[in-house]
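Subject: Handing over the two-chain model

Dear colleague,

Please find the structure below, followed by my notes on its interfaces. I would be glad if you could read the notes alongside the coordinates.

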Amino acid sequence: MPFFPAHKLPLAVLGLVLVALPFLFGGKYQLSILILIGISAIVCVGINLLVGVAGQISLGHAAFFGIGSYASAVFTGDYGWNGILAMFAGILITSVLAATVGWPILRLKGHYLAMATLGVGLVIQLLLIQEAGITGGPDGRAVKALTIFGLRVKGEWAWYCIVAGALFVVVWGAQNLMSSPWGRALRALHASEPASAAAGIDVHQMKVAIFAASAGLASFAGSLYAHALAFVTPDQASFLHSVEFVVMIVVGGLGSVYGSLVGAAILIVLPQVLSSLSDYENLAFGVLLILVVYLLRKGIVPTLRLIAVGGGR
Amino acid sequence: MSGLSINDLKVHFGGIRALDGVDLTFGSSGIHALIGPNGAGKTTLVNAVTGVYAPTAGRVLFDGHDITGLPAHKLATLGVTRTFQNLQIFWTMSVLENVLAGFHLDSSAGFLRGLLRGPALVRRERELTTAALGLLRLVNLEAKANNPADALAYGELKRLEIARALAGRPKLLFLDEPVAGCTQSEKCDLAEVIRNAARESAVSVVLIEHDMRLVMAVSDRVTVLAQGRILSTGTPSEVRADPKVITAYLGTTQSHLAEQVHAVAG
């Protein structure tokens, strides 16, 4: 009996890293970057289960992130709800909406599914812009501070703790799910739908479920974002933001929970580091991304894992 | 009544009558082969019964339930499953995981249970792993349980598909050309696997196959399809002696049917 089960090791390492990071990068600005990474990573873990594990593309998840942001802004600001309650209302609304639109569109495959999710995302963003009476229109609106048990969450340190804690729980749950029969069924339907159905897996229902769950997770992250930045704009629900999430998981590694975190970190830190190149920032960013995708085809984490186990098959 | 009964099943693709009124019953045990020239409608019949195609007309009853046009995952819950002519392997998984996925209906496959990964789930997974290893032993793949599926040879993959299908504890199992493309020694291995499976798992096997040697060796009953209709049904020796079958396979210059069969077979 080993002292510590090997499959729990990555989670323990993540815990240590999350604790150590704010001591290494404790500046106000650095902490705000870490918070942003954590929030994006939460979204990416969910999208990676959908795209990387189950093999169903989505180019509209930023819209679900946006719904979460606005649900928190509107319910706390206009209706005086408790922030946590608003957050859960956002998750519920988003998941139900995702399941409802997912039911028909997840019958589509490949490019057609990509187009449909893109369309859903655009429509949602348009609504957020147009319904200015509720959402504040293209300029966005301010968001009240989050209060938990009567305490106002204030400052980068407090927000870092909340986001890091949430990310840890999300990764724990995603790891559990991946190693469960449910996660196995997700991987199975990605590999062969006919064989999955023959094994009794309700392929379509599974696709809708992971679509709704990943949308709910995006909504949760959107709520955190809204409160942490105290402001929301429709840009958070934009197509570009959706693509950014997908790029994060492709760079980090499709199907890899930890790849989602690495991808989110790289895509957020890199532009900050490259900003000193001023005019050439975007060029350098693009070249680096192409290099990563070209040299590490499976994404950073799965490629490193292959090298680590010595199997360069 | 137990077993599968197919009544006047028709599957038309536009003007092509792939199945043109088939009446057939499969009992609740034994190995029943379904043979016929290329294009006879064998795979169409399997696809129409296992939820891939919706039949144009006719009814399919299984253990008294009307299962006509039911989707594959619902059929699996009733105990009807299949393997595939062209391999359908979960390539990204290990050999063992492929079989575990076959246990889906028996596992704690709920979303929340998976998310929380409680002790009950862990215990169930351990039991299923033991059962999966038992099935891999049945198909002589136990030693390769932890290999990635894409590292197996072709004949091994055919056996893996059978093990995965058996994991669902089916009452009725369609094997769609299980030895197609296999070497002679792989064919012998598979014949034994199929015989053992039918005996030990108490499953009724419907074997769709071109390889006559395998069919004659393992089958209890044989049905011959030609041009979407049943030509003959009986024990292997009865069918072998049936002049209609000989005509359909070998053809005579007088036989209108044989000409058509040759045309279809190319």
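To begin within chain B, 19 residues of domain 1 are in contact (heavy atoms within 4.5 Å) with ten residues of domain 2 of chain B. This is a predicted model, in which local features need pLDDT of at least 70 and side-chain atom pairs count only at pLDDT 80 or more, while totals for chains, interfaces and linings use all residues. Residues are numbered from 1 along each chain as its sequence is written, chains are lettered from A and ligands numbered from 1 in the order in which they are written, and side-chain values use heavy atoms, with hydrogens and water left out.

The two domains of chain B are domain 1 (1-79 + 172-266) and domain 2 (92-169), with bounds that come from an automatic or database domain assignment, and their centres, taken over C-alpha atoms, lie 28 Å apart. Between them they bury about 1,200 Å², 73% of it on carbon and sulfur atoms, where buried area is the accessible area (1.4 Å probe) that two parts lose on being put together, summed over both.

One salt bridge is found across this domain interface, the term standing for a side-chain nitrogen of Lys or Arg within 4 Å of a carboxyl oxygen of Asp or Glu. B:R159 forms a salt bridge with B:D189, and their closest N and O atoms are 3.6 Å apart. On the domain 1 side that touches domain 2 of chain B, the elements giving two or more residues are α2 (72-78), β7 (172-176) and α7 (184-200) of chain B, these being DSSP runs numbered from the N terminus (helices H or I, at least four residues; strands E, at least two). The largest share of that side, eight residues, comes from α7(B).

Turning to the interface between the chains, 25 residues of chain A are in contact with 32 residues of chain B, and the area buried between chain A and chain B is about 2,400 Å², of which carbon and sulfur atoms give 62%. On the chain A side, A:P181, A:R184 and A:A198 lose the most area to chain B, together 23% of what that side buries.

The rule finds two salt bridges between chain A and chain B; B:E125 forms a salt bridge with A:R184, with the closest N and O atoms 2.8 Å apart. Among the elements of chain A, α8(A) gives the most to the side that touches chain B, with seven residues.

Best regards
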